[in-house]
Amino acid sequence: MRLKTKIILICCSSILFSLAVCSIVIYNLVKKNSLDAAEGQSFKNVLTVFSKLEDRIDTLNNRKENAVDRKVLQYILKQQKDEMLVCFYQAGEEGVEIFNCTVLEQKDFEALEYNPVSDSGMEMAQMQWENRHFFVYLDYLQVGDDKYIFYWMEDVTYVWERMQGLAFLLILLTVVITMLVCFFLFIVLNKVLMPLKKLNDGAKQIAKGQYDDRIAVERKDEIGELSDNFNQMAEAVQLRIRKLSEEEEKRTLFMGNLTHELKTPMTAISGYAKTLLTVKLPEEDKEEALTYIYEESCRLERLSKKMMNLLLLSEDEEINLAEVSAEALFRNAREACMGKLLEDGICLECHEDGESFFVDADLFTEVLINLIDNARKASTKGDCIILSAAENSIEVRDFGKGIPEEEKERILEPFYMIDKSRSRKSGGAGLGLAITAIILKRHHCRMQIESVLGEGTRMILQFV
Amino acid sequence: MPQNRVLIVEDEIPIAKMIAMNLKVAGYETVMFHDGKEAADALVEEHAYDIALLDVMLPGMDGFALLEIVTSYGIPVIFLTAKDDIGSKVQGLQGGAEDYIVKPFEILELMVRMEKVLERNKKSDDVIHVLDIEINLLEHTVRKNGEEISLKPMEFELLCVLVRNKNIAISREELLRRVWGVDYMGETRTVDVHIGQLRKKLSLNDNIKTISKMGYRLEE
């Protein structure tokens, strides 16, 4: 069931219930009061009637002893012309009707339940006759030796009629108030629950994958809070998803590059091997094919070694940080690079002043070797590469061709090579800087690249 | 026999050389470029090629751009690439390439596809000369020293495959597939019998060599 329907149903039924209880209480109170008032009134009336009758009888009896007998009484009653007065003469069990204008018989009266009325000696009962309500008063009168029974009826139907009116009014009021409350609640709830609908729609959008939708609910209540939190959640989800898909994209790109890097030497190796096996080749071609098989397998070996490096470093393996002097780092790097540098006719200058750094010596040497190697590839014969240490940084500077502005971001990506064919020739796979970046990250060290096309590049490693 | 000229644009020198090596022995003339831009520039001067093999990822100019230039000279193109995603294939083929081969590929597959492309583009000859044998593909006749020699249909097909891939060994399974078709359920023994017939009828005992484990090779 919808929340709105539920709230309206609960509110309306509780209001209906309380109104009904109130109405019933009010009805009963009013009924009791009205009946009491009617009773008082009718009691006054009956006293008047009976005292008048007794006066007549007394007057007649005073004039003459035992003047009043049944016939006289009948006459007196007829004279009084009171249609509500009924009189029976009590003789033993049977009563004799003396005066009766009603259609009722003595047994009808006797069937009623009488209650004594205060200390007047009279008794009273309520009677219903053909949709009319009566109070019936009973009085006994001793005239001489004769005993008479008088019944006097007062029509109190008006009380019931009034009560009916009241009941109708109460029911009407209950219904009208309930309906009004319903209507009011409907309007208010619509307004209050509108943001929930918006929230619901927003959640549906997110479920469908539309993460950039936000909900505009300007309210200070819980729903406003909820929608604020909802928006924050959507924001977080969006960020997370974006990050995930970026990572996914990067991984796909990485895998694509890796496959390409693997496929090319594999194609060459298997192709040359097959050629050697199946084709009748001249001697020099055979030699060339074998050379290529050897070179391409070396390339695969280098690639797999670097991939292992990259994977091991990516995992959170411990690195051995220790105080290492710049002199030692530079010496190691220089020893590793010297061969190739000499081959290309490039010199390497090292400047340090007793600085030392808190690093993993092997890994950091690898970083320097990578950077010097890149600098070497960018330089031409006769150029110099300068390796210098400062208090909190190490700089590798070359005077080669420099890095184009738009490539600066990308050179850290695995397999990225600015000059693919040239890098290949010099044995690169495009992994050096990617490995460097990971090592530096593990050292909490930032790499700053300053480069001017045609003038050279400065790679500054800044320790934080 | 006039040789078909093949333009190879492939930045991986080992692969380019390997293709060239194989095509050369099979009787093609090859010209290699390792840079898209260089190839495009050279085409302006010299564009008498029968077919071009292009890599997609090239320095200088990518394969798709080069494709337009090469096809504008009426040279049919086969793409050779490591990119095996559908998008690249569709782009390549819709751009006018005749075929698309994904690395790593078999040289034999490349040669078959090249033959088909050449046939479609009417660049292959109807008459093939090898040694002292003349094969007329239209007439389905074989002449040795001008004298017609009668061959059964399967023997003729087998000879064509061997001649087209001369100097390259072809396995019995491969021959069975290319001559008798994929569905043929026969044994490789069938191939041996037909080779024997060819050797006898055309006296090619010295030229059709049995290469151990690899199959047969027709040597010139």
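This is a predicted model: local features need pLDDT of at least 70, side-chain atom pairs count only at pLDDT 80 or more; totals for chains, interfaces and linings use all residues.

Biologist: What share of each chain counts as buried?

Modeller: A residue is buried if 20 or more other C-beta atoms lie within 10 Å of its own, exposed if 12 or fewer, and partly exposed in between, with C-beta atoms placed from the backbone. In chain A, 22% of the 464 residues count as buried; in chain B, the figure is 37% of 220 residues.

Biologist: How are contacts along the sequence read?

Modeller: Two residues are in contact if their C-beta atoms, placed from the backbone, lie within 7 Å. For chain A, 60% of the contacts between residues at least 6 apart in sequence join residues at least 24 apart. For chain B, residues 24 or more positions apart account for 55% of the contacts with a separation of 6 or more.

Biologist: Which residues of α6(A) are buried, and against what do they pack?

Modeller: An α-helix has 3.6 residues a turn, so residues three or four places apart point the same way. The buried residues of α6(A) are D285(A), A289(A), Y292(A), I293(A), E296(A) and R299(A). They pack against α5 (222-278) of chain A together with α1 of chain B.

Biologist: How does one judge the length of a helix?

Modeller: The expected span is 1.5 Å times one less than the number of residues. Helix α6 (residues 283-314) of chain A has 32 residues and should span 46 Å; its end C-alpha atoms are 47 Å apart, which agrees. Helix α4 (residues 157-208) of chain A, with 52 residues, reaches 73 Å from its first C-alpha to its last, close to the expected 76 Å.

Biologist: Where does α4(A) have a kink?

Modeller: The bend at a residue is the angle between axes fitted to the seven residues ending there and the seven starting there. In α4(A) a kink of about 40° lies at L193(A), shortly before the proline P195(A). Just after this helix, G209(A) takes a positive phi of about 105°.

Biologist: How is a sheet described?

Modeller: Strands of a sheet pair through backbone hydrogen bonds, either parallel or antiparallel. Two strands count as paired if DSSP finds at least two bridges between them. In chain A, five strands form an open sheet with mixed pairing, in the order β8-β10-β11-β13-β12. Its edge strands, each pairing on one side only, are β8 (347-351) and β12 of chain A. Strand β8(A) runs parallel to β10 (residues 384-389) of chain A and is joined to it by five bridges; E349(A) stands opposite I386(A) in β10(A).

Biologist: Where is G144(A) found, and what is its phi?

Modeller: G144(A) is in the loop between β5 and β6 (146-155) of chain A. These strands pair in the antiparallel sense over ten bridges, with Y140(A) opposite I149(A) in β6(A). The hairpin has two residues between the strands, and G144(A) takes a positive phi near 60° there. G144(A) counts as exposed because it has 12 C-beta neighbours inside 10 Å. From E65(A), G144(A) is 79 residues away in sequence and 8.9 Å away in space, C-alpha to C-alpha.

Biologist: Which residues have a positive phi without being glycine?

Modeller: One of them is N131(A), with a phi of about 65°; it lies in the loop between β4 (122-129) and β5 (132-143) of chain A. N131(A) is exposed because it has 7 other C-beta atoms within 10 Å. Another is H444(A), with a phi of about 55°, in the loop between α10 (432-442) and β12 (445-452) of chain A.

Biologist: How many residues does each chain bring to the contact?

Modeller: The size of an interface is often given as the accessible area lost when the parts come together. Here the count is of residues: 21 from chain B and 23 from chain A. Helix α1 (residues 13-25) of chain B gives the most to the side of chain B that touches chain A, with seven residues.

Technical notes
Residues are numbered from 1 along each chain as its sequence is written. Chains are lettered from A and ligands numbered from 1 in the order in which they are written. Helices (H or I, at least four residues) and strands (E, at least two) are DSSP runs, numbered from the N terminus.
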